[in-house]
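Hi everyone, thanks for making time. Have a look first.

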Amino acid sequence: MDFSKYLPYAREHEREKINAVTKAGSINGACAALGIDQRNVRRALKNMKERIAREEGFAPEAGLNQPLAPSEILKGRSFVTKDDEGLMTWHKTAFKESENLDILQDLLGKAAEKMQTIPLIKPPAATPNEDLCTVYTLTDFHLGMLAWEGEGGVRWDLPTAKAVMINAFQDLISQSPPSESAIFNQLGDFLHFDGLDAVTPQSKHVLDASGRYGETIELAIEVICEVTGLLLQKHRNVKLLMCEGNHDESGSIWLRIAMNKIFADNPRVEVNIEALPFYAEQHGDILLGFHHGHKVANKRLPMLFASEPKFRKMWGQAEYTYIHTGHYHHQEQEIAEGGGAIVERHPTLSARDAYSARGGYVSWRCARAVTYHKKDGELSRTTAKPRLH
């Protein structure tokens with residue numbers, strides 16, 4: 001295949017691969033010359049062609065030969081056919097969402113390689129209780145949302161969200177027992193929107209946004225790193241959960257990638273990088289399960305965690321099982337009949353947006369930290385309310 005026709009639109013690292021393929025006469029030969037795995041080169045060239053088609057409108061194999069204006073991007077195409085009776089039919093096509101997600105993951109993986117790791121953080125001087133694990137839950141935080149106090153009663157924007165989050169974790173950490181282990185349970189919908197357009201990922205409902213997506217990304221990484229640093233000052237081991245939510249399906253992916261890279265030099269930090277939107281941790285005889293709540297209803301979660309192959313062994317060993325969810329912005333706690341688990345839905349620290357305020361939705365804003373004993377289950381819990389100072 002002749003890739004040289006893509007050179008005018010290729011990026012520097014893509015030109016290197018194109019020139020190597022042209023010189024060697026094949027992808028296999030180029031890989032041997034560059035010392036790169038075949039799959040990486042093929043995927044890079046595939047992604048390059050898709051990007052150029054989308055950004056430049058150039059895809060000669062698909063009949064796209066007219067470059068786009070600098071301010072345009074290709075979202076799809078239309079063409080017309082005529083049948084034997086002269087009737088005309090218009091056909092419209094667009095890029096597959098799954099392929100866009102593959103491209104996004106590839107780009108995020110490359111971006112993560114350039115991230116700087118945080119230097120080693122010293123453990124606490126005091127000896128914490130090794131039997132205890134504290135779960136700090138933050139759900140439906142909606143960083144990047146804009147809420148007007150005249151409509152919902154409380155203002156919410158990027159600076160407000162930062163202050164509320166840091167203050168809440170300072171309160172929770174200071175009030176919680178000195179447990180050896182901690183889980184930073186970021187339970188999903190940490191980000192209000194999932195890309196350059198402020199819309200919901202699935203339904204494309206327009207959202208009120210505070211700042212650009214780039215600003216939100218920078219602040220998200222900043223506050224998660226700051227909170228993790230605070231946790232490391234109190235606990236010897238910290239696990240990070242960046243759970244998938246319905247507002248941040250791809251955002252949860254790059255958050256996991258970023259945190260795994262940033263804390264690579266801190267062996268006391270472990271990042272759960274599972275892609276399945278159900279997560280579990282074992283603490284002695286305790287099974288701790290986590291799910292945002294957007295895929296499976298609370299009453300069905302005990303059966304899911306009991307039957308899911310990844311968690312079946314943990315379920316069988318557990319004396320107590322606690323499952324944490326969010327999604328609806330209000331609190332619920334129930335013992336599922338016959339399920340053998342306590343399922344708890346957590347409230348949010350976030351303010352109400354226009355949709356919630358106009359729909360008459362009201363919930364008590366707070367965040368909670370629950371401490372579990374490895375033999376006896378829940379030991380204590382603390383609550384933090386939103387505050388700016």
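Let's begin with Asp171: at 17% relative accessibility it counts as buried, since the cut-off for that is under 20%. Keep in mind, by the way, that this is a predicted model. So what does the side chain of Asp171 meet in a salt bridge? The partner is Arg387, at 2.9 Å from N to O. Asp171 sits in helix H6 and Arg387 in the segment after strand E13 (377-384), so this pair ties together parts that are 216 residues apart in sequence. Arg387 itself, at 28% relative accessibility, counts as partly exposed.

There's another one on H6. Lys162 and Glu222 meet through their side chains in a salt bridge, 2.6 Å from N to O. Here Glu222 belongs to helix H7 (residues 213-234) and Lys162 to helix H6 (residues 158-175), so parts 60 residues apart in sequence get tied together. Both ends are partly exposed: Glu222 has 36% relative accessibility, and Lys162 has 31%.

Next, Lys375 and Asp285. Their closest N and O atoms are 3.3 Å apart, and that makes a salt bridge. This one links distant parts of the chain, 90 residues apart: Lys375 is in the loop between strand E12 (367-373) and E13, while Asp285 is in the loop between strand E7 (279-283) and strand E8 (286-290). Lys375 is partly exposed with a relative accessible area of 46%, and Asp285 is partly exposed too, at 23%. In total the structure holds 13 salt bridges.

Asp194 is in the loop between strand E4 (179-186) and H7. Asp194 is buried, yet has no salt bridge; Lys204, the nearest side chain of opposite charge, is 8.1 Å away. What does the side chain of Asp194 make a polar contact with? That would be the side chain of Ser250, at 2.8 Å. There's also the backbone nitrogen of Glu249, which lies 3.2 Å from a polar atom of the Asp194 side chain. If you leave aside neighbours within four places in sequence, the residues in contact with Asp194 include Val199, Pro201, Tyr213, His247 and Asp248.

E7 and E8 pair in the antiparallel sense over five bridges, and Gln282 has Leu287 as its bridge partner in E8. The hairpin of E7 and E8 has two residues between the strands, and there Gly284 takes a positive phi near 60°. E8 also pairs with strand E9 (residues 320-325), in the parallel sense and over five bridges, with His324 in E9 as the bridge partner of Phe290. As for cover, five of the five residues of E8 are buried. Ile286, Leu288 and Phe290 point one way, Leu287 and Gly289 the other.

Last stop, helix H3 (residues 38-56). H3 has 19 residues and reaches 26 Å from first C-alpha to last, close to the 27 Å expected at 1.5 Å a residue. Its buried residues include some charged ones, among them Lys49, Glu50, Arg51 and Arg54. Just after H3, Gly57 takes a positive phi of about 70°.

That's my tour; happy to take questions.

Notes:
Residues numbered from 1 in each chain as written. Predicted model: local features only at pLDDT ≥ 70, side-chain atom pairs only at ≥ 80, totals over all residues. Heavy atoms only, no water. Helix = DSSP H or I, 4+ residues; strand = E, 2+ residues; numbered from the N terminus. Expected span 1.5 Å × (residues − 1). Buried < 20%, exposed > 50% of the residue type's maximum accessible area, 1.4 Å probe, protein only. Salt bridge = Lys/Arg side-chain N within 4 Å of Asp/Glu carboxyl O. Polar contact = N/O pair within 3.5 Å; in protein donor to acceptor, adjacent residues only side chain to side chain. Contact = heavy atoms within 4.5 Å. Pairing = 2+ DSSP bridges.
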